[in-house]
Amino acid sequence: AGFVEIGVIGMTNQSDFTAVGRARYFEDYVAGESHELGTVTVDEAEVVAFAGRYDPQIIHTDREKAKSGPFGGLIASGWQTAGLMMSLYATRYLSDASSLASPGMDELRWIRPVRPGDELTVTVNIVEAKQSRSKPDRGVVRTDIRVSNQDGEEVMSMLAVNMISCREPG
C-alpha cells in the first residue's frame with residue numbers, strides 16, 4: 001500500500017507486484033520502480049551437489065580442501081548463485097502470462113563469495129520499458145538485478161533484457 005523511498009528509486013508494495021502467480025504484463029513494468037523479490041537460503045549440500053555436476057572446482061566441492069583455498073572455505077559457484085536468483089526472478093518478477101523470451105543479459109558480476117548458510121535477497125530495478133514499434137503486442141524490459149547477502153553486502157549483479165507481452169496491444 002503506497003510508496004517507500006529507497007535512495008532515488010521508489011519501491012512499490014511488494015505484494016502488489018511480486019506475488020507468486022500474479023499475471024504481470026508489459027504495462028506493469030514501470031521504469032524507475034524497484035521491487036524486492038524475497039530471499040533464498042544457500043544450502044551446503046546443494047552447493048556441493050551443484051558444483052559436482054556443473055562447476056567441479058575444489059572451492060565449491062570439498063569443504064576441507066577449500067579451507068586452504070583463496071576464500072578460506074567452501075563457496076557456492078557463481079552459476080548456482082545466478083540460479084538461486086533466477087528462482088525468485090522467474091516466479092516473482094516474470095509471469096507465465098506474458099514472459100516471451102530473453103535475448104540475453106549483460107554485465108554479470110560475482111562481487112563477493114556466497115557461502116553455505118547465506119540468505120540472499122534479490123532486488124530488481126526497472127531501468128527501461130519500451131514497447132516495440134514493429135511488434136506492438138510486446139515490449140522490452142531492461143532490469144538491473146542486485147543480489148545481497150544477509151549483511152546487506154552485494155554478492156552478484158547483472159542487467160537482464162526480457163520480452164514481455166502487452167496486456168492490450170498497440
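A salt bridge is taken here as a side-chain nitrogen of Lys or Arg within 4 Å of a carboxyl oxygen of Asp or Glu. The legends below describe a predicted model.

**View 1. Asp144, Arg146 and Glu154 are joined in a network of salt bridges.** Arg146 takes part in two of these contacts, meeting the side chain of Asp144 at 3.0 Å, N to O, and that of Glu154 at 2.8 Å, N to O. Asp144 has a relative accessible area of 12% and is therefore buried, since the limit for that class is under 20%. Arg146, with 29% relative accessibility, counts as partly exposed, and Glu154, with a relative accessible area of 23%, is partly exposed as well. The count for the model comes to seven salt bridges.

**View 2. A salt bridge pairs the side chains of Arg63 and Glu44.**

**View 3. The largest pocket holds about 180 Å³ of space.** Of the 16 residues in its lining, those closest to the centre are Ile75, Ala76, Gly78, Trp110 and Pro113. Two or more lining residues come from each of the elements α3 (58-61) and α5. By residue class, the lining of the largest pocket divides into nine nonpolar, five polar and two charged residues.

**View 4. Trp79, Met105 and Trp110 make up a nonpolar patch on the surface.** Together these three residues present about 340 Å² of accessible area.

**View 5. Gly52 is placed in helix α2, which covers residues 44-54.** With a relative accessibility of 47%, Gly52 counts as partly exposed. The C-alpha atoms of Gly52 and Ser102 are separated by 28 Å, and the two residues lie 50 residues apart along the chain. For orientation, the C-alpha trace of the protein chain spans about 60 × 35 × 25 Å along its principal axes, and the chain has five helices and seven strands.

Key: Residues are numbered from 1 along each chain as its sequence is written. This is a predicted model: local features need pLDDT of at least 70, side-chain atom pairs count only at pLDDT 80 or more; totals for chains, interfaces and linings use all residues. Side-chain values use heavy atoms; hydrogens and water are left out. Patches are made of residues with over 30% relative accessible area and no salt bridge: like charges are joined within 9 Å, nonpolar side chains (Val, Leu, Ile, Met, Phe, Trp, Tyr) within 5 Å. Accessible areas come from the Shrake-Rupley method with a 1.4 Å probe; for residues, only the protein chains shown count as cover. On a 1 Å grid over the protein atoms alone, a cavity is a set of points where a 1.4 Å probe fits but cannot get out, and a pocket is an open set with protein on both sides within 12 Å along at least five of seven lines; lining residues have an atom within 4 Å of a point. Grid points are joined across faces, edges and corners, and a volume is the space filled by probe spheres set on the points. Helices (H or I, at least four residues) and strands (E, at least two) are DSSP runs, numbered from the N terminus. Ala, Val, Leu, Ile, Met, Phe, Trp, Tyr, Cys and Pro count as nonpolar, Asp, Glu, Lys and Arg as charged, and the others, Gly among them, as polar. Buried means under 20% relative accessible area, exposed over 50%, partly exposed in between (1.4 Å probe, protein chains only).
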